[in-house]
Amino acid sequence: MSFLPKPKLHHPKLPVNELGFTRRDYEGAISTLCAGCGHDSISAAIIQACWELSIEPHRVAKMSGIGCSSKTPDYFLGASHGFNSVHGRMPSVLTGANLANRELLYLGVSGDGDSASIGFGQFAHSIRRAVNMTYIVENNGVYGLTKGQFSATSDKGSKAKKGNVNTDEAIDLAGIALQLGATYVARSFSGDKAQLVPLIKGALRHPGPAFIDCISPCVAFNNHEGSTKSYDFVREHNEAMNQLDVILGRETITADYAPGEVREVTQHDGSILRLRKLHEEYDPTDRVAAMHHLHERKAAGEIVTGLLFIDPDPQDLHEHLGTVELPLNRLNDAALVPGAAALEKINAALR
Amino acid sequence: MPRNVINDFVVKFANVNGSGSASANQLFAKSILRMGIPIASRNIFPSNIQGLPTWFEVRVSGEGHLGRRGGVDLMVAMNPQTWDRDIAEIDAGGYLLYDSTRPMPASRFRDDIQVIGIPLTQICNASTTDARQRQLLKNIMYVGALSALLGIEPEVIEQLLAEQYKGKEKLAKPNRDAFHRGRDWALKNLQCPLSLQLQRADAVGDRIYVEGNAAAALGAVYGGATVCAWYPITPSTSLAEAFERHCRRFRTDPDTGKKRYAIVQAEDELASIGVVIGAAWNGARAFTATSGPGISLMQEFVGLAYFAEIPAVIFDVQRAGPSTGMPTRTQQSDLLSAAYASHGDTKHVVLLPEDPRECFDFGASSFDLADRLQTPVFVLLDLDIGMNDWLCEPFAWDDSRRMDRGKVMTAEELEAGKTFGRYLDMDGDGIPFRTYPGTHPQKGAFFTRGTSRDRFAKYTEVGAAYVDNMQRLLKKFDTAKRLVPHPVERHASQPTRTGVIYYGSSSAAMKEALSALEADGIHLDALRIRAFPFHDDVLDFIARHDRVFVVEQNRDAQLRSLIMTEGNVDPARLIPILHYDGTPITARFIRAAIADRASAMQVVPIGAAAE
């Protein structure tokens, strides 16, 4: 953790994006997490992704629950509104916010305690309700703020810092998200920024429920021998399915790829998700195959990462509900209040 | 032969749930209203969809008493399962109307009541072969018989049927025929009319007949609510469903067919209130509808909304607790859990409508209050108001009225350099400014959390900043006092040092009890409380009286506790009058309970007992 506030001044030659913003314009308050915390790497990846996509920071709403991960929205996008809500209840707050204004980008940040235990229900229902959002779980398999209890994503057989062994089955949030209809599902590792940044970019451009399970080692309570969420263990068992590049329509394709090596998925907004295949047979548009693959490789002891599933033409909650295009929070009296004459008709029918 | 009673009696229908009796009973009730005679009607029903007993009670009151009276003058006993208790409930000298198709042994009747047997099933079976039709038309047939026995004008029924089946003559005709078959049989075979008689009057005026839940939902539409998140729970379900119905009618974009509203049936009450808070944080007007168990589940979120100062409207249609309690029975037992909902030092605005008209009014204004005060607002209905049709003043709306969105700083104001501190009290009323997310590229963004922040929403755990914030919240609550609906006082005809305080659905019974008590020589000034925090008039009223009865429908005298705590009132001066068996409070109960206490009090010289 850094104790010195960063100076507002920056090098005049820092690169700027299309909006003229430097990466610094996407930063937030100083992190209060432990030095080396995986969560800070994820915050950095979010900053990088938003900067690269030239997202206007104030058009993002950052939502979180309670826990170490849920503190992080304070540490990026300082010009965005943020909401640190109730433990395990970020998804419902995000759903409501999204209903009120469909034009903003909704970024939900949660942890494994927040989403797999106390908030498992809300996680599940926000996914199946198809809320247009980017939902990132910073998954360290442990309760950090309360000092080292197992969480519901701790693998069976994983050892706690104090030596006790977890006997409960782990919840695979990516697997659940797949089953419940998320239209963009990825898993990544906070220690692999090259993989993570494009996955976040793809999620932010995805017009439906996008879920990223990001393994993020806890240096204080879950980075030891016997943990399955330590830096060493994850690096050793990480099995990436693909490497994603998010290409906004106007960019020209420069790299050369051998035929069959690359797969492109064009999203609704014209952005192209280019996937360099690392596994020849893996098809990220086949939900059932993705679920099967996830289970199979887990049984083999691998941590499967990359873009696991993508539906290039998803629908979201607003489409399901049939709400008007104009955000609900901008509708005025004329649009909302039926008026005295209509009321008189109602009265007449009640006599 | 008993003397004739005009426009003042109680008819009770004992039916089987799911037998289609509701629409026939409704027809009966409305026909009396159309004859200009006030009624008060109540459903008494179990937590069941089909098979269990259900009752519908109509109190005919030419004088306009709308509370439940108690007692039954005419029982329409259509449910063999509840026969014995139904017979037992009839007042001595009262009437029993039953289906005499199947003979009943004399031992199943009473000597002190008058029995009217009509072979309803037999007549019905002779006229139709369809089993479901038989069931439904049998109900209409007893309405026909009642029209002859009580003096309902047949033209009124025909008119109501014509309105109900407008353009559907195929449905109207069998109903009309069944009505006349029942009526003709009664005219031919029975002595009509009975001593209970209806006589056309002009005592209804332009009043409407509507249930509180539908009225509150309509209030939400007029109040500009766009987001509703809810979880089904009796007795509040019909509020959310009515909102959807009203919205489909009034909020569908005529050009695109798209909706100017969003309704989410959430996975539980926690998610419901979460959606509401998220939507309101983002500038939409949002509400949930629930009952006591839901209020319990929402506690944590309500606290967050209080501290983070986010508007939310919560309609609580109260029922007898707990979750496995009596979900279809009425009570006023959530007052304390709403007023002090959540952990930490919290208190909330609570509105207490007396009837569907106020459900509409408070339903609409609750959104202005929530936005103006940036805090959760509870609207406390109960099953009695919520799920029964009440005769009340017609809904009214002033077209010049505009939503009061409260203190929301705009992009222009931020651009012009106006100081923005999310928790900064600029006007001395304790209410800070807020911004909606996405307002301005550089200014006005803030990070929302419970407390642990300063006036500019910067993170801090410094004690002084916490206290500063808590004091401002108290100031804001004081501001709320002036904005919420004020209490309504009614003076006794003679000067008195005794008062009575009441609220919500007790109102109708209370009004009736007050006139009865006055006739008994007990004079009471009465104050109907319509909101918490209490307006200064409430404490002033208590100060002006030596003794104040507090009438409410719960065991623990919750309003009395709230008054004692908030107003620092001597408990000895507040005398609880409590009704909590799950049935609506009656004038008879209030009258007896107050008369009993009043006579006991007169033993001691006024003023001495307080010491």
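Start by selecting helix α3(A), residues 90–100: 11 of its 11 residues are buried, so to speak a mostly covered helix. "Buried" here means 20 or more other C-beta atoms within 10 Å of a residue's own, "exposed" means 12 or fewer, and "partly exposed" is in between, with C-beta atoms placed from the backbone. Show side chains and you'll find M90(A), P91(A), L94(A) and N98(A) among the buried ones. Helices (H or I, at least four residues) and strands (E, at least two) are DSSP runs numbered from the N terminus.

Before moving on, some housekeeping. This is a predicted model, where local features need pLDDT of at least 70 and side-chain atom pairs count only at pLDDT 80 or more, while totals for chains, interfaces and linings use all residues. Residues are numbered from 1 along each chain as its sequence is written, and chains are lettered from A and ligands numbered from 1 in the order in which they are written.

**Stop 1: the cores**

Now select L308(A), V227(B), V276(B) and A312(B). These have the most contacts inside the largest nonpolar core, a set of 272 residues. Such a core is made of buried Ala, Val, Leu, Ile, Met, Phe, Trp, Tyr and Cys residues joined through C-beta atoms within 7 Å. Its largest share, 11 residues, comes from helix α4 (residues 131–151) of chain B. For a separate second core, of five residues, pick V142(A), Y143(A), C218(A) and F221(A), which are included in it.

Back to A312(B): leaving aside residues up to four places away in sequence, its contacts include I273(B), V276(B), A305(B) and P376(B). Contact means that the C-beta atoms, placed from the backbone, lie within 7 Å.

**Stop 2: where A meets B**

Colour by chain. The contact takes 47 residues from chain A and 55 from chain B. On the chain B side, several elements supply at least two residues each, including α7 (212–222), α10 (292–308) and β17 (447–448). Helix α9(B) gives the largest share of that side, nine residues. By class, the chain B side has 34 nonpolar, 11 polar and 10 charged residues. Nonpolar covers Ala, Val, Leu, Ile, Met, Phe, Trp, Tyr, Cys and Pro; Asp, Glu, Lys and Arg are charged, and the others, Gly among them, are polar.

Zoom in on β2 (residues 81–84) of chain A, which pairs with β17(B) in the parallel sense over two bridges. Pairing requires at least two DSSP bridges between the strands. Here G82(A) stands opposite F447(B).

**Stop 3: strand β19(B)**

Select residues 498–502 of chain B. Why is this strand largely enclosed by the rest of the structure? Five of the five residues of β19(B) are buried, so the rest of the structure largely encloses it. T498(B), V500(B) and Y502(B) point one way, with G499(B) and I501(B) pointing the other way.

Strand β22 (residues 547–552) of chain B runs parallel to β19(B), joined by four bridges, with I501(B) opposite V550(B). Strand β20 (residues 525–528) of chain B is also parallel to β19(B), again through four bridges, and Y502(B) has R528(B) as its bridge partner there. Follow the chain from β19(B) through helix α16 (residues 507–519) to β20(B) and you trace a right-handed β-α-β crossover. Right-handed means that, with the strands pointing away from the viewer, the path from the first strand over the helix to the second runs clockwise.

**Stop 4**

Go to the loop between α6 (169–189) and β8 (196–197) of chain B, where P193(B) lies. The peptide bond from C192(B) to P193(B) is cis, with omega near -5°. Another cis bond joins F532(B) and P533(B), with omega about 5°; P533(B) is in the loop between β21 (531–532) and α17 (536–543) of chain B.

Then check two positive phi values in residues other than glycine: near 75° for K147(A) and near 90° for S342(B). Buried or exposed, S342(B)? It is buried, with 20 other C-beta atoms within 10 Å. K147(A) counts as exposed, with 11 C-beta neighbours inside 10 Å.

**Last stop: two loops of chain B**

E63(B) sits in the loop between β4 (53–61) and β5 (72–77), and its C-alpha is 7.8 Å from that of A203(B), 140 residues apart along the chain. Finish at D111(B), which counts as exposed with 6 C-beta neighbours inside 10 Å.

Notes: Two residues are in contact if their C-beta atoms, placed from the backbone, lie within 7 Å.
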